[in-house]
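Hi,

Here is the structure I promised to pass on. Have a look at it first, and then read on for what turned up.

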Amino acid sequence: MSVITSTWVERDGLLRSPLLERYHVTAGFTTRTQGSMGGSVFSLDEQDRNRLALARGLGFETVARVRQVHGNTVVHLDRAVEPWPEGDAMWTDRTGVLLGIAAADCVPILLVDPSSGRIGAAHAGWQGTRLRVAQALVRALVGAGSRASGIVASIGPSIGPCCYTVDAERAELVGASGQGAHLRQRPDGATVFDLWTANVAQLRDLGVESIEVSRICTQSGGHDLWSYRGRDPDGRYGTQLGFIGRRG
Ligand SMILES: [Zn+2]
């Protein structure tokens with residue numbers, strides 16, 4: 001089992017995963033440079049245009065999305081469809097489909113099974129992590145014929161254990177899900193939920209062997225990222241997109 005720590009790099013204003021790109025996929029995370037990609041703060045038209053520009057810039061027609069609800073439903077997408085189906089993970093075995101997960105602290109989890117070409121993406125905030133959406137996505141790929149041990153996974157930029165404190169109620173729900181090992185007490189008394197180690201453990205428990213953690217925190221990792229927790233004093237924040245696709 002290998003857990004590779006951050007190999008992510010910034011290129012053309014985008015954060016990229018060289019590990020995933022080694023397997024002939026286009027994979028990464030947007031920054032403020034490309035503008036907001038989702039959520040309810042910026043205008044929907046503007047975000048549509050930003051997603052379209054991103055897709056075209058990467059050599060795709062559009063971005064395939066799901067309507068994220070902090071659950072663990074996995075959707076199989078052969079192409080982008082409207083209206084977006086409800087779910088927090090999606091996968092495809094088609095080329096030319098760019099999967100996009102909106103996140104501004106929640107964890108984007110990007111997967112590729114190099115032997116079949118199947119790719120997947122999941123959205124795991126504290127709720128999705130509690131509900132094990134990453135495992136639901138791996139099971140969907142395995143159900144389609146992938147071997148878990150052949151899947152390569154990357155945990156993208158998201159709020160890190162440096163910043164992600166939870167209240168007692170959330171901590172109790174996390175503990176009840178069997179993931180209390182990923183809760184830690186800080187010296188100041190606050191409880192931290194480590195979304196990165198929790199999702200690594202979920203992937204590892206299903207047999208995924210090659211896992212990379214970007215270790216880029218959206219709240220403390222730099223001003224070129226939006227963070228819901230670290231939103232501007234005026235309360236506005238944008239939403240990035242974690243993306244993965246195989247060009248045809
Ligand atoms: Zn941080």
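Before we start, one definition for what follows: contact means heavy atoms within 4.5 Å. Also keep in mind that this is a predicted model.

The largest one has 35 residues, and the members that touch the most others are I109, L111, I155, F193 and L203. At least two residues each come from strand 7 (89-92), strand 9 (107-113), strand 10 (118-124), helix 4 (133-143), strand 11 (152-155), helix 5 (168-176), helix 6 (195-205) and strand 15 (210-213). Helix 4 gives the largest share, six residues. As background, nonpolar side chains tend to be buried together in soluble globular proteins.

Leaving out residues up to four places away in sequence, I155 touches V107, P108, I109, W196, N199, V200, L203, E212, V213 and S214. There is a second, separate core too, with 25 residues, L20, V25, V112 and A121 among them.

Now for strand 9. How many of its residues are buried? Seven of its seven. V107, I109, L111 and D113 point one way, while P108, L110 and V112 point the other way.

- Strand 10 runs antiparallel to strand 9, and seven bridges join the two. L110 has A121 of strand 10 as its bridge partner. Four residues sit between the strands in this hairpin, where G117 takes a positive phi near 85 degrees.
- Strand 11 is also antiparallel to strand 9, with four bridges between them. Here L111 stands opposite A153.

Next, the zinc ion. Which atoms hold it? Its donors are C162 (SG), C163 (SG), C217 (SG) and S220 (OG), at 2.2 to 2.3 Å. The angles between the four donor atoms run from 97 to 121 degrees, so the arrangement is tetrahedral. Along the sequence, the donor residues follow the spacing C-C-x53-C-x2-S. C163 sits in the loop between strand 11 and strand 12 (165-166), and S220 in the loop between strand 15 and strand 16 (240-245), so this pair ties together parts that are 57 residues apart in sequence.

Are those two residues buried or exposed? C163 counts as buried because its relative accessibility is 17%, under the 20% cut-off. S220, with a relative accessible area of 46%, is partly exposed.

Last stop: S158, in the loop between strand 11 and strand 12. S158 counts as buried because its relative accessibility is 0%. Apart from residues up to four places away in sequence, S158 touches D105, C106, V107, P108, W196, I216, C217 and T218. One of these, C217, is also a donor to the zinc ion.

Cheers

Methods:
Residues numbered from 1 in each chain as written. Predicted model: local features only at pLDDT ≥ 70, side-chain atom pairs only at ≥ 80, totals over all residues. Heavy atoms only, no water. Core = buried A, V, L, I, M, F, W, Y, C linked by side-chain atoms within 4.5 Å. Buried < 20%, exposed > 50% of the residue type's maximum accessible area, 1.4 Å probe, protein only. Donors = N, O, S within 2.8 Å, 3.2 Å for Na, K, Ca; no water. Tetrahedral: all angles 85-135°; square planar, octahedral: opposite > 155°, others 65-115°. Pairing = 2+ DSSP bridges.
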